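This report looks at how two chains meet in one model, and then at the fold of one of them. Please keep the structure in view while reading.

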Amino acid sequence: MTLTTEERRRQFETEALPHLDAVFRYAHALTGDAMRAEDLTQETMLKALRAWHQFERGSNARAWLLTILRNTFINEYRRQQHHGETVDLAAIEPYHVFEDVQDVDPEGRFFASIVDDEVLHAIRALPEEFRDVLLLSDVEGFPYADIAQMLDLPIGTVKSRLFRARHALQHTLYDYAVEMGYVKRRTS
Amino acid sequence: MSDAPHSLDCREAIERLYEYLDQELTPDVRQEVERHLRMCGKCHQHFEFEQAFLRFLEARARGRGAGPEVKRRVLEQLFGTEDR
């Protein structure tokens, strides 16, 4: 059954447009720049509208849109992007930040002092495979099974990448908080 | 087969920490974790720390939705281009 332009537009407005915030947010996290995020959002939404006949009604429209976004980013934007510093995961000590702060700030109050830009910067500095799972889980709230499907990965890989991504990010933000004097590093 | 619940040690509980917080555990494993947390103050504190971290992350990284101007431009481009 072929949809008329009007029907397609109506369906798209009802099912896809409510996710515009999520699309922009994900685009911003990937590009690190509001203007590039807007371009990527526009391109994603345009591709989605054109491919609307391929969307399975009743399935997860947000997951579908973010998959289009991610593929667009990988194919077109990443090539041009300058890669700055990255976190060397092998260099991360295999301990939990909690071990370090349990005596001085066991509730993790120091996190509240860290500004949003620093958080986004730290997320973008994660290696891509770790950033992907972290954004989809911790920002967008998808369950492991959905992330596995979106990224075409086994669930076990999603789990281990998420674990490592959170650790890496926690260490980066902890180091920043220590540097800024928000929390004292345990010296013993 | 014994009905006695398996008792997790600290290492086993910490290994399941994120799956617990992400609500990805089966009900029986979830209960095992909760049983351990009731008995172990340190792990309980550790879980709360990690939960605070995840809440912080969600709140801080979610702040940037598309503003009204961005939405307007996206819609204009979207249907303007399509209708031509």
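## Buried area

In this predicted model, chain A and chain B bury about 4100 Å² between them. Carbon and sulfur atoms account for 61% of that area. The size of an interface is often given in this way, as the accessible area lost when the parts come together. Chain A brings 52 residues to the contact, and chain B brings 33 residues.

Six salt bridges are found across the interface of chain A and chain B. One example pairs the side chains of A:Arg166 and B:Asp22, with an N to O distance of 3.0 Å.

Which elements give two or more residues to the side of chain A that touches chain B? They are α1 (5-15), α2 (20-31), α3 (34-50), α5 (97-101), α6 (116-124), α7 (128-139) and α9 (155-180) of chain A. The largest share, eight residues, comes from α9(A). By residue type, this side of chain A divides into 27 nonpolar, 16 charged and nine polar residues.

## The fold of chain A

Chain A has nine helices and zero strands, so its pattern along the sequence is α-α-α-α-α-α-α-α-α. Of its 188 residues, 51% count as buried.

Among contacts in chain A between residues at least 6 apart in sequence, 71% join residues at least 24 apart. The accessible surface of chain A is about 9200 Å², and 47% of this belongs to carbon and sulfur atoms.

Definitions and conventions:
Residues numbered from 1 in each chain as written. Chains lettered and ligands numbered in written order. Predicted model: local features only at pLDDT ≥ 70, side-chain atom pairs only at ≥ 80, totals over all residues. Heavy atoms only, no water. Contact = heavy atoms within 4.5 Å. Buried area = accessible area lost by both parts, 1.4 Å probe. Salt bridge = Lys/Arg side-chain N within 4 Å of Asp/Glu carboxyl O. Helix = DSSP H or I, 4+ residues; strand = E, 2+ residues; numbered from the N terminus. Nonpolar A, V, L, I, M, F, W, Y, C, P; charged D, E, K, R; others polar. Buried < 20%, exposed > 50% of the residue type's maximum accessible area, 1.4 Å probe, protein only. Areas by Shrake-Rupley, 256 points an atom, 1.4 Å probe, with all protein chains shown as cover.
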